[in-house]
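Reader: I am new to reading protein models. Can we go through one together, feature by feature?

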Amino acid sequence: MSDGVKEPVAAPFLLRVAGVLIGCLTALLGLGYFVVAGAALGAFLLWPRTRGRAHALLASGARRLTGVERWRRSLFFHDTFPEHRASDQQILRYLAARTYSGLLCAVVVGLVDFGAVLAGIFAVSLTTRASMTWVDVLSQVVLGGTLLFLAVQGLRALTDQDARLASECFGPSERELLQRRIDELATSRAAVVQAVDVERRRVERDLHDGVQQRLVALAMLLGRARRGRTPERADALLEQAHKEAQEVLTELREVAWRVYPTALDSLGLREALGGVSERSALPVRMEYDVPDPLPPAVETAAYFVVSETVTNAAKHSLADEVHVAVRGSGTTLTVVVRDTGAGGADPAGSGLTGLHSRVAALDGTLRVDSPLGGPTTITAELPCA
């Protein structure tokens, strides 16, 4: 994840060439601005009492020219920039460095054009002058090819520098990015710890209110059967105790699946999600298209996203059906759960908050779209790399 300059779609070659040429012109504007502004504000910049105001005026004009550079990078190079306001010092440093590199780029472009003209003259002379030997032709071709190679490499280095300068000015600095990442990891770690505590309390509550109460009832039935005065009464109580024991095992199995589904290790994500469908009180339509093996942590997160959302839909949404789609696309696993219920799901609820924390711990994203009246769609994107 990066908050700096992004280039999601590479710009066409001719568009980038136009951007380089226009960058040469904007560099001339920057040079002219520094010359004019320096002449007008130079004395005020030297006097301590007016230095602050003069510096602010100088930076204000530089910021407008920097806006032109930002527009050029966005239009011709398809760069996208985050919301970030650079300081006056950053703006002035950027415009000065950009002016210098742009002028160098203009010089290199001029040399390439001049070389192209000379190459044309040389090609014409080959047809008009018969005195040139193959040694002269070869030496001219080698020299021209070497100069062209150096010019192209120079242009490439200057365009790369242009992109780096824009990234440093229009995006957050390396220190800011690192601090953001540290804050994200600290928040994610705290959220994961909280989610684990919530899960532990829920398991304890399920064991106490469900399994424990059924075991107490089972013990009482067995005690009554032992004290039964007639064989018929004892047999009836034992049959009831047997049924109660089966229900306890079923509930205990449900609690164990909520803690961690062993089918993930033995059968894989697809079969584990099939178990969620079978145990659900609602009909679940499942689409699974994941061609590549998944990391265990991603499988676990995807399973709990589906399990929690299907359970919530059965309990709260008044839905008739749930549709689950799990798709893999190389480096990303996308999980979409949509129900036909009344909507209005609260993203700040304990269940969805826990899912947010679980997904964020893997640098994934979780989106909840649940307008009143439905439907509710929960989308999780989990990086697999």
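Reader: What percentage of the 385 residues of the chain count as buried?

Author: Note that this is a predicted model. Of its 385 residues, 33% count as buried.

Reader: How do I describe two packed helices?

Author: Use the angle between their axes and the distance between the axes. Now the case here. Helix H2 spans residues 48-77 and helix H3 spans residues 88-128. Their axes come within 9 Å and cross at roughly 60°.

Reader: What do we call the orientation of H2 and H3 to each other?

Author: At that angle, H2 and H3 are therefore oblique to each other. The crossing of H2 past H3 is left-handed.

Reader: Which residues meet where H2 and H3 are in contact?

Author: From H2, look for His55, Leu58, Ala59, Ala62, Arg63, Leu65, Thr66, Glu69 and Arg72. From H3, find Asp88, Gln89, Ile91, Leu92, Tyr94, Leu95 and Arg98. By type, the residues of this contact are eight nonpolar, five charged and three polar.

Reader: Where do nonpolar side chains tend to be in soluble globular proteins?

Author: They tend to be buried together. In this model, the largest nonpolar core has 35 residues. Leu333 and Val335 have the most contacts inside that core.

Reader: Which elements supply at least two residues of this core?

Author: Four are helices: H7 (263-266), H8 (269-279), H9 (296-316) and H10 (350-360). The strands are E1 (284-289), E2 (322-328), E3 (332-339) and E5 (376-383). H9 gives the largest share, nine residues. There is also a second, separate core of 17 residues, which includes Ala37, Leu41, Leu95 and Leu165.

Reader: What is Val335 in contact with, leaving aside its neighbours within four places in sequence?

Author: Val335 touches Ala302, Val305, Val306, Ala325, Val326, Ile378, Thr379 and Ala380. Pick Thr379 from that list and follow it.

Reader: Is Thr379 buried or exposed?

Author: Buried counts as under 20% relative accessible area. Thr379 has 10%, so it is buried. This residue lies in strand E5. Leaving aside neighbours within four places in sequence, Thr379 is in contact with Thr334, Val335, Val336, Thr365, Leu366 and Arg367.

Note on methods. Residues numbered from 1 in each chain as written. Predicted model: local features only at pLDDT ≥ 70, side-chain atom pairs only at ≥ 80, totals over all residues. Heavy atoms only, no water. Axes fitted to C-alpha atoms, helices over the stretch in contact; angles between N-to-C directions. Parallel < 35°, antiparallel > 145°, perpendicular 65-115°, else oblique. Left-handed = near helix turned anticlockwise from the far one by under 90°. Contact = heavy atoms within 4.5 Å. Nonpolar A, V, L, I, M, F, W, Y, C, P; charged D, E, K, R; others polar. Core = buried A, V, L, I, M, F, W, Y, C linked by side-chain atoms within 4.5 Å. Buried < 20%, exposed > 50% of the residue type's maximum accessible area, 1.4 Å probe, protein only.
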